[in-house]
Amino acid sequence: MKLGAYLRAGAGLQSHGVVHRAASARLDRRLVARTVAAAPAHSSSVSRGRGRRKAKPSRERQQQQQREKNVPKKWEDLVSRPENERFDEAFVSLEGGRGGRGEVWRKRQGGQQGKKAERRGRGRTVKNFKYKPGGQQAKQIFLAAESPGEGGRGGSVYVEADERYDNLLHLHQRYHYRAKDGPNANPSTARRAASRAPPPLTVRVPVGTTVISKTSGGGANVATELMTPGQRVLVALGGDGGLGVEEPRSSGRGGRLDEGATATANALDWQKVSHGRQGQRAQVHLVLRVKADIGLVGLPNAGKSTLLSAITMARPDIADYPFTTLVPNLGVIGGSAASWKGNGGGGSSEEEEEEGLAGTLAGDWGGDEGADPEPDYSSFLEEPEAFEESPLESAVVADLPGLIGDAHMGKGLGRVFLRHLKRTRVICHLVDLAAASDPLSDYLQIREELRMYNPDYVLEKPHVVVFTKCDLLGPRGEGLDRDDVREKFLGGVKEFYSRSEGDALMPAGVVFISSRTGEGMDDLVKELSEAFRSLDF
Ligand SMILES: Nc1nc2c(ncn2[C@@H]2O[C@H](COP(=O)(O)OP(=O)(O)OP(=O)(O)O)[C@@H](O)[C@H]2O)c(=O)[nH]1
Ligand SMILES: [Mg+2]
């Protein structure tokens, strides 16, 4: 027998043996699995020796696990708070994916033939564009790789403003987020792995979120505000892919590296350059300030949420107890009526809701008013056409939680939510005329609270005073001359501020409304439009 034939025969036998052994191993494993399933718990040690041992996590994986365990104290503090105290803030650690491994080519066989054989296995099969049906050509042809393939870049991490979100609660589930790793190069991807970066990890946040990011691993720190939908910022770049490398020859000369790498890489670091680099890591602080044109402020129960539901399609919780609203609600003036009626489902459920609402309200207002018509909080400003060309056209209204005196010392819901007024342009200050014994002091208390939080809130933003619940004035309000009340009120405000800034702090207008009957809505629209016109556009 010739040597080649002998070897082939031997090789054949050998491979036969391998298959055989593998099959019997599989069989063994199945048997073991069955025994383990059938055996009582205490005897499981019998099979332990034969079962597959659990692989020890790689060092990198261990480091990753350790990092995931390390959550900062500030994160733990934040997520243990109630939702209304954390919906507008989040801490996250964002990490770009690791780059994929570059390909390592083993030492070549000597001679031209060896080279060919070596390369034959490394490359990819592509469509043969010369192929014609019926011809002799193959449909697919093999393209040998010219050089070892590079690993792909790891996924990067972006923070993106998205209209579909209005809070940051979805980012409180965990602290660490990591993008996908880059693809490793292998014979079939050849050089293409480098161009196949995995999809980036996109962290979606509401419009109006400030992103403050400390990035390590060569990345730049970021401090930016995402103010338009779709706007995004890169916080952590994925790691570079490893380079393709040819193993150095045994003579000890350096390995031939793929283009871009230093040709002097010695025998020690040729393996390292084939490894993908780690992605950048960013510690990110996200703070949301809702972006709105009009902000509704006032004492708890002043009727802020009710006004919001009366002038927009928003349907916030309304109830006759303080602190019903815990997080800001948003609505758009002149939003299309179809949208929320569609959302409300069938007509029947809506009627039920209205009935439920009417029930609570009738209870709130005492038996003597049982004959009242059903309160209708559906929009008084429903026709979008009425607002065309008006400064109020699609203005966003934010209904804030109730504010009380000494809120800056943590009373009530505190004052943290006042940050949401920062991006409102006009403030609507609601005072419950029916319940207030002294509307002026109620008003001044809140103004002082605003001023203590941020002097710009009272100095720079025009505000309209809105006396609410005028339908409830009852006998007290019958003979009430509204112009009189207005004058007295304005006189009081002027006197209070006479020694300080004076006119700068005066209201732009005073209106009397009822969200229930729709009284005064026209005045409100007029005053708000004036206030907007007074701002320089
Ligand atoms: N009759 C009458 N009742 C009103 C009017 N506006 C509000 N109410 C009632 O006043 C109560 C409080 O209204 P809300 O809109 O929840 O008050 P709020 O200012 O949002 O209160 P918080 O969210 O707790 O700060 C509810 O029972 C409303 O039905 C109004 O114009 N007329
Ligand atoms: Mg409310």
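**View 1. Who lines up around ligand 1, by residue class.** The shell around ligand 1 in this predicted model splits into nine nonpolar, 11 polar and six charged residues. Here Ala, Val, Leu, Ile, Met, Phe, Trp, Tyr, Cys and Pro go down as nonpolar, Asp, Glu, Lys and Arg as charged, and the others, Gly among them, as polar. There are 26 residues around ligand 1, and the closest are G303, S305, D320, T325 and G402. To be near the ligand, a residue needs its C-beta atom, placed from the backbone, within 6 Å of it. Helices (H or I, at least four residues) and strands (E, at least two) are DSSP runs, numbered from the N terminus.

A word on the model: it is predicted, so local features need pLDDT of at least 70 and side-chain atom pairs count only at pLDDT 80 or more, while totals for chains, interfaces and linings use all residues. Residues are numbered from 1 along each chain as its sequence is written, and chains are lettered from A and ligands numbered from 1 in the order in which they are written.

**View 2. The six-stranded open sheet.** Read across, the strand order is β14-β15-β13-β16-β17-β18, with mixed pairing; two strands pair if DSSP finds at least two bridges between them. β14 (329-332) and β18 (509-512) are the edge strands, each pairing on one side only. On average, neighbouring strands of this sheet are turned by 25 degrees against each other, direction ignored.

**View 3. Inside the sheet, β13 next to β16.** β13 (residues 294-298) and β16 (residues 426-432) run in the parallel sense, paired over five bridges. Look for V297, which sits opposite H429 of β16.

**View 4. Helix α7 on the sheet.** α7 lies across β13, β14, β15 (396-399), β16 and β17 (463-468), and runs at about 155 degrees to β15. Axes are lines fitted to C-alpha atoms, for helices over the stretch in contact (C-beta atoms, placed from the backbone, within 7 Å), and angles run from 0 to 180 degrees between N-to-C directions.

**View 5. F496 on helix α13.** F496 belongs to α13 (residues 482-497). L444 is 52 residues away from F496 in sequence, yet their C-alpha atoms are 8.5 Å apart.

How values were computed: Contact = placed C-beta atoms within 7 Å.
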